[in-house]
Amino acid sequence: MSRTILHIDVNDFPVAVERVLEPRLRQRPVAVAVESASRALVAARSREAAANGVQRGMPLHQALKYCPDLTVLPPNEALYHRATTALLHLLGQFTPVIEPLRFGHAYLDLTGSGRLFGNGVDAAARAQREIRDRLRLDAVAGVASNKLVSKVASDVITVRNPQTALCDVHYGEEQRFLAPLPVGYLPGVQKTIRAQLTELNIHRIRELAGIKSEHLQMVFGRFGLLLFQRARGIDERPVMPPRRSPEIVETVELADDGNDYEALRRLTFALLARATRRLRRDRLFTRHLGVEILYGDHRRDTAQTRTAAAQTDADLLAVAETTLGKALARRVRVRKITLRLGGLGPASGQLGLFAATENPKYAALTGAMDKIRDRFGDAAIRFGYAA
Amino acid sequence: MSPAGAPGGFVHLHVHSHYSLCRGANTIADICRRARDIGLSHLALTDTNGIYGLVWFLQEARAQGIQPLIGAFLQHQSNHAVMLAKNRAGYRTLCRTLTALHGDDPFDLITWLQRNREQTILFSDDLQLLTALTDSGVRDDLYAELIPHRQRHKILQFARERHLPPLASQGAYFLDRADYAVHRLLRAIDLNTTLTRIPEAELAAPQACMATPREMQHFFPDCPEAIENTRKIAAACAFDLDFGGAIFPSFSGPDGEDAQTCLQDQVEKGALWRYDAITPPVQQRMVYELDLINRKGFAPYFLVVADAVRQAPRTCGRGSAAASLVSYCLGITHVDPIKYDLFFERFLNPGRIDPPDIDVDFPWDERDDIIDYLFRKYGRSCVAMIANHNGFKARSAVREIAKVYGLPDREIGLITKKLTSYWQPGNLEEVIATHPVFHGTELRPPWPEILQMADKIRGFPRHLSIHCGGVVIAPDGLDHYCAVQPAKKILQPAGVLSRGDTGLPRALEHVQVVHWEKDQSEEMGLVKMDILGNRSLAVIRDARRAVLDNYGVELDFNRINPQEDEATRALLARGDTIGVFYVESPAMRQLQRKTGKGDFEHLVIHSSIIRPAAAVFIQEYVRRLRGGAWTPLHPAVEELLRETYGIMVYQEDVSKVAIALADFDASGADELRKIVTKKNKHRQLADYKERFFCGAMKKGADAEMCEKIWAMILSFAEYSFCKPHSASFALVSCQSAYLRVHYPAEFIAAVISNQGGYYSTFAYVSEARRMGLEVLAPDINQSLQKYTGVERQVRVGLMQLKGLSQHALETVLAEREKNGPFASFCDFLSRVTLDATDIAIFIKAGCFDILESGQTRPQLVWHLHGWQAQKKALSTPGATLSLFEADTRTPQGLPAPPAYCAEQVWRMEEEILGFLLSQHPLMLYTAKIQRIPHVRGCDLQRHIGKRVHTIGWLITAKVVSTRNKDLMEFVSFEDTTAIYETTFFPKAYARFAQRMSNDRPFLLQGTVDEQFGAVYLNVEEMNYL
C-alpha cells in the first residue's frame, strides 16, 4: 500500500516568527545573524533579502554590502522553540506520526488519517490554513508517497513557485517529477558530491537516473546505491517521531559576559547544586555530567565526563570543575553555562541506595542542606571552597 | 674601572626588563632611571634566557652613571639560576650557556652548570639545583638566593647547612607593585589564557618589584651578609664589554697571503676584466679606494663578500657599494662607477666611523643556498643571521589584551581596524574620542582599561624572527660576542631551470639568529652582510637559459650591451614594460612614456625620482626635460645637478649640495644625509641647519634661497635611492627589457614562473596575448613545472594547477624524463601511481586533451573511477594476474557523457588555474558589450578632452592621499585591446571605492586627459557591466 507523506516547511522560519511579533518587518529585507561574532554568518533571511543577493551561510559583512538596508536580528532560540512547539502541537491533530526536523520543518505520515481528513492534499491544505489562521505563519507543503519526494516537492515550491503553496506528486509519478530537476535537490547531494557529479558532467536528476547502480557505487561507494534510488524517487524511510533521552538540564545566563574563572566556577557549582537536588527529589543517580559554554560571540564549546553513579553535589564537585575546565577552551567571555546530568537511573545493582564511593557523612550533610534550602531558598546555604 | 666606583649599600642582581619576553613589565630605560633614583651604583640585568636587550642596557646604564652588570636568568624545565659574567671570559661562558640552552637537545641545566661556569657567578633559590651542584663539589662563586617573598627562611636554613653564602635578591619583574598588572597581562598573553587561569608557577609574586636598598635591608635583619654579598658580587662583576671595533671574518689567501695583498691582487685582475685598458682615472681611483679600505682594515670584509658573490652567476650589488671601483672590479657590483660618475664618499669616507654595508641581491631562489654556503664555509659556530625583535604594535597590543579580557573578535576588530598611525603613546583614548574614523564608537568597559594597558606594553618585544637577509660572521666564534638561538626558516624553492630539480620547497632547516636585532648588532660592531632575494634576477637567469635551450644562443650581457640596443631603448621609451624589473608599475611606465626617454642615464634618474623623497618633483622634472625653462638653485650647484635638470634626485645630492654650497666636509655631509632620514632628529638637525645656512650665505645665497634648498633637503626624509643603487637597478631593468623585446615568450614565461611581480598572473597572461603570443593550456607531455616560452608561444606550467600535490608534479616530470612522453591516458595510469584527486586535476585542466582527443574530459573521469575500482578489487585477496593486465585497457561499458559545456570549462579554469585561460573574461560579456557604445582602450588617445565610455577589467590599483589628506586612487583597467590608466579623484573615489573588485567587468564613464603624451581617463561614473 502506498503511503501518504506530508512535508511542511515554514520558509525562513526565524524571520517569519519575528515578523509575527513585529509586523513592521514585513516586506522588508531581514536577516538573522549574530552581529557580535567576528565572522558572523547569515542564519536566515527573508525573501526580500534573498532578492538582493543575501544567502544563508553568507558572511554578514558581505550581506550588508549587497543589501545595505538589511535589518539584522539576533537569533532568539527561545522564541523559535516556542513557535515550533506551537506548530507541532497544531500538526499533532492530523496524525500522531510526526517527525520534526529543524525549526519550522516537519514530516507527517498521513497514511492512516484518510478517514478523518480526506486525502493527503486536503489534509495538507487544511493544515496550511490552520497554521495561517492560528499561528499567522505561511507554510508550504509537499505531498507524496515518501519523505524524499515530499521534501523535494516543498523545496520546488520554495525555490521555483513561490505563488503556490502546495505540491502534490502522485504515486508512480515520482521519477518523472524529479527528472528535470538539478541534482542539488536530492537530499545528501551537498557540496562534495555535487562537485563530483559536475566532474562527471551530471547536472540533472534525469542524467543521474541514467547511470547504472554499479557505476554510481564505483564512484560513491555505498552512497552510490542511495543516489541510484533517490534519482528514481525511491525512499523507504519511515516517519520517525523523536525519542528523547532523559536528562536534567540547568542553565544560567550571566548578567554581564565574563571570563573570570572563579566566577564561572561558582556559577557552575550553583548549577550543580540545583541539578543534584532534582536528582535526589526524583531518587535518581547520574553517570554522566556535561557542561556547555555559550560564548559572547555565540559559539559553543562542550565537554562531558563519565562518572560513577552519584547523587550529591559533594560527589560531583571535582568532576564538574574538570569538565568546566575542559569545556572552557577559549578566552572569549562567557554568556551562558548549561550543565547536564545524563545517564539517569537508579543506583547500580546491589550497592544499595548510595554508591560505594559515596561518603555517608556527605549524605547526611546533603540531606540537612536540602532541608534548609526547602525552607529558606536555594541561596540560603552553599558549599564554600578553601583555596 | 666602573664609572660609579665601588658599590655601596645594596645592589639588585636579579632584575628582568621587558626583554624577558612577555615577563618583565618595564623598559630598560625606566629600570636604569629607577636604579639611579634609588641610589644604586651598580645594576645587573638578568633577562630570562637571553641577552636580547644587553646593548641598550649598557648604554642606558652608563647614561645614568650606573655600572652595568651582565647576566641572564637561566630557566629550563623546572630548574633555574642566575648567571653573572665576571669578565670577557665569563661573558663567553654566558653566551655559550644561552646558546646551548636554546639549541642543545637534550639539555639539562644542572649538568651543564656542573661543567660550564668559568668566570661566572651563579645564584639560585632552586633547591634541587643547589643540592645537585653542591653535591658535585661546586662551591666557588655559588650563592643561595634569598627572595623575601619566596620561602627565604627555608633557603637560608639550607644555605647554612651546606655552608653556601646567602645572597639577598628581589627577583624583580617590575618597578612598582602597580606594574604587577602588566606582568600578569603579559603572562596571560604569552600563555594564551585569561587573567584568572594563569598557573601559579608562571607568575611572579606581586611583591617582585624593585625595592629600595633600605627596604631590602629591612627584609634581612637576620642576615646582613646577604646584603653584603650583593656588593661583593657587584664588585667582582664590574667590567666594560667592548669588542674593540668592527667584527668581520678574517681572511687569508690560498697561499696564506694577508688580506690586503689578496685584495689588491684580486682588484687588479678584476680591473683588467672590467676595462680593456687601465686608464689613469681608473688607476687613481683604485689606489685611493684601496688605501682607504686598507687603512680602515676592511679588506677581509670585501674579500668575504666577493667570495659569496662568486657562488652565484647572477647578482646585483645594490646600495651605495656600487659607487666603489673595488666592488666593481671584484664583481660585487656591476655599474662602472667612473663612467657614471658615482659618488664614492657616500659609501666610504675617511671620517666615517661605522663599517661599510654591502647589500647584494641574489636570485630569490638561490639566496638560501648562499646563506647555506656561508654557514658551511665559516661553520655554525661563527655564522648567524641577524634577528628581528617582533614587538607589540598598536593593533597587536590592543588585540592581544582584548583577547585576554575575553572580547569577541568582531568587537576587537571594530577598534583595531581603525587604529593606524594616529596612535602615539598615551593618546589612544583621545584619538578614539576625537578622530572622525572613530565617530560613533563608544568605549564601554573594559575598553578604557584595555587601551591604558595597551599603551603600557606597546613596543615590548614578543618573540624573535629572522632579519630578511642580514648575516654576521665572527672570525673566532660567535660565542665571544653574542648568544645564538635557532629560528625556524622555510627554505625557498630552488630554480628548476638552473638545477634540473623540480624546484619545490625544501625541508625546514634550522637557521640560527643572534639575540640582537640590526641596531644592537651594529652598535656592538658586528658587521652584517645583506643577502637579499630578487625575483628579476631569477627571471633573467631563466629566460637566458631558455634562449640557450631553444635557439642555442648564449646571451652574455658582458658582451651584448642592452643599453645600446635600439629596440630595448624604444621599448623603455614607450613604457611598454610590464614584467620588466622596476619599470613595470603604472607610475613608472607613465613616467617613461611622458619623458619618452629609453636610455640608461635617464632610466637611472627615473628609478630614483619615483621614490617618495623626490616624487613631488616629477611634474617639474618632466617639464624641464621636455624643454621647459629653468634656472639652477644656485650657481655653486649648477654643474652638480645639471644631469638631473637642477633637481635633487639622489640621496647623496644632499651631501653633494652641502659640500658645494655650504662647505661641508665629506663626513659631515654624509652625517647630514643620515640625520635627515632619522626619525627623532629635531635637535641634531637644528645644528646642521645653522651650519648649512651659514656656509651657504657665505657663498652669497640669500635666506629665501637657503630655505628653498633646505626644504628640498628635508624632502629626503622620505625613502630615496642613492645613484649607485639606482644605476645597479637600472642595469637589471635594461637586461630584462632586452629579453622582453627580443625573446618575449621566454621572458614572459620566466616572469610568470618566478611569481611575485607587480601584477597578477592573469594580468601577465593578458599582457602576453597583447604581445601577440599564444598562451597554451597545460599539457601532460609538454608542460614543465614552470611556464615555458618558445617562439610565439607560452605554455602554462604545471605549477599553475591549484591543489595539485607536490608529489604528483614531481612524479609526472620524473617519469616523463626517464621513460619518455605518455602514449595514452591508460599508459599514464599504468606508469605513475598517483592520488585520484591529482589525476582529476590533470583531467579537468585539460592536460589530456591532446593525448586523448577522442575522449571527453568527463569520459576520462569515468575511466579514472573505473581504473580505481579495478585496482581496489585487485588489492583484495584472490585477484589474479590476468586481471591486472586488463587493468590499463580502456574499460568497456562505462558511461560516455558529452564534453563539458563552454561555461563549465571556464569555471574549471577559474577553479584550477585561478584565471580564465581559453579567452579573456570580457569575452563572456560580448553580447552586452556590443550593445553599449564605448571606446576601446587602444583608441583612447584619439579622444583626448572628450567624455567617453569604456569597458574595463580591474588590473591593479593604488590609493594615495592628496595634499588635503583626501584619498584618491589610480586604477589600471584593461579591455581586450590594452591596459589603460584611470584616475579616481577624491569625489569619485568616495563614491566608487566600495565597488572596486577584480572579478567582474565595469562600465566606466569619464573624460580623457593627456599629460606629456600619457593618456588617462578621469572617471566620473563607474558601474558594473
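Reader: Where in chain A is A:Q27?
Author: This is a predicted model, and in it A:Q27 sits in the loop of chain A between α1 (13–21) and β2 (30–32).

Reader: Ok, and is A:Q27 buried or exposed?
Author: A:Q27 counts as exposed, because it has 11 C-beta neighbours inside 10 Å, and the limit for exposed is 12 or fewer.

Reader: What about the phi of A:Q27?
Author: Phi of A:Q27 is near 65°, which is a positive value in a residue other than glycine. Chain B has a case too: phi of B:C22 is near 60°, again positive in a residue other than glycine.

Reader: Where is B:C22 found?
Author: B:C22 belongs to the segment before α1 (28–37) of chain B.

Reader: Which domains is chain A divided into?
Author: Chain A is divided into domain 1 (1–171), domain 2 (175–241) and domain 3 (248–380). The C-alpha centres of domain 1 of chain A and domain 2 of chain A are 24 Å apart.

Reader: How many residues of domain 1 of chain A are in contact with domain 2 of chain A?
Author: In domain 1 of chain A, 15 residues are in contact with 11 residues of domain 2 of chain A. On the domain 1 side, β5 (98–100), β6 (105–109) and α7 (147–160) of chain A each supply at least two residues.

Reader: New topic. How many residues does each chain put into the contact between chain B and chain A?
Author: Chain B puts in 26 residues and chain A 20. On the chain B side, α15 (394–404), α16 (409–416), α37 (836–844) and α38 (857–875) each supply at least two residues. The most comes from α38(B), with 6 residues. By class, that side of chain B has 13 nonpolar, 7 polar and 6 charged residues.

Reader: Now the inside. Which residues touch the most other members in the largest nonpolar core?
Author: That core has 352 residues, and B:L43, B:L84, B:F302 and B:V305 touch the most other members. Helix α32 (residues 723–742) of chain B gives the most to this core, with 10 residues.

Reader: What does B:V305 touch?
Author: Not counting residues up to four places away in sequence, B:V305 touches B:I332, B:I358, B:V360 and B:M529. There is also a second, separate core of 24 residues, which includes A:L272, A:A327, A:L328 and A:V334.

Reader: Why would nonpolar side chains be buried together?
Author: In soluble globular proteins, nonpolar side chains tend to be buried together.

Reader: Which residues of α31(B) are buried?
Author: In α31(B), B:C706, B:I709 and B:I713 are buried. They line one face of the helix, because seen down the axis of α31(B) the buried residues fall within an arc of 70°. These buried residues pack against α28 (651–662), α29 (666–677) and α30 (682–698) of chain B.

Reader: And what does the face turned away from the buried side of α31(B) carry?
Author: That face of α31(B) carries the exposed residues B:E704 and B:A711.

Reader: What should α31 of chain B span, going by its residues?
Author: At 1.5 Å a residue, the 12 residues of α31 (residues 703–714) of chain B should span 16 Å, and the end C-alpha atoms are 16 Å apart, so the two agree.

Reader: Last one: where is B:T333, and is it buried or exposed?
Author: B:T333 lies in the loop between α13 (325–330) and β8 (359–363) of chain B. B:T333 counts as buried, because it has 31 C-beta neighbours inside 10 Å. Leaving aside neighbours within four places in sequence, the contacts of B:T333 include B:G317, B:A321 and B:S728.

Key
Residues are numbered from 1 along each chain as its sequence is written. Chains are lettered from A and ligands numbered from 1 in the order in which they are written. This is a predicted model: local features need pLDDT of at least 70, side-chain atom pairs count only at pLDDT 80 or more; totals for chains, interfaces and linings use all residues. Domain bounds come from an automatic or database domain assignment. Two residues are in contact if their C-beta atoms, placed from the backbone, lie within 7 Å. Helices (H or I, at least four residues) and strands (E, at least two) are DSSP runs, numbered from the N terminus. The expected span of a helix is 1.5 Å times one less than its number of residues. A residue is buried if 20 or more other C-beta atoms lie within 10 Å of its own, exposed if 12 or fewer, and partly exposed in between; C-beta atoms are placed from the backbone. The arc is that of the directions from the helix axis to the C-beta atoms. Ala, Val, Leu, Ile, Met, Phe, Trp, Tyr, Cys and Pro count as nonpolar, Asp, Glu, Lys and Arg as charged, and the others, Gly among them, as polar. A nonpolar core is a set of buried Ala, Val, Leu, Ile, Met, Phe, Trp, Tyr and Cys residues joined through C-beta atoms within 7 Å.
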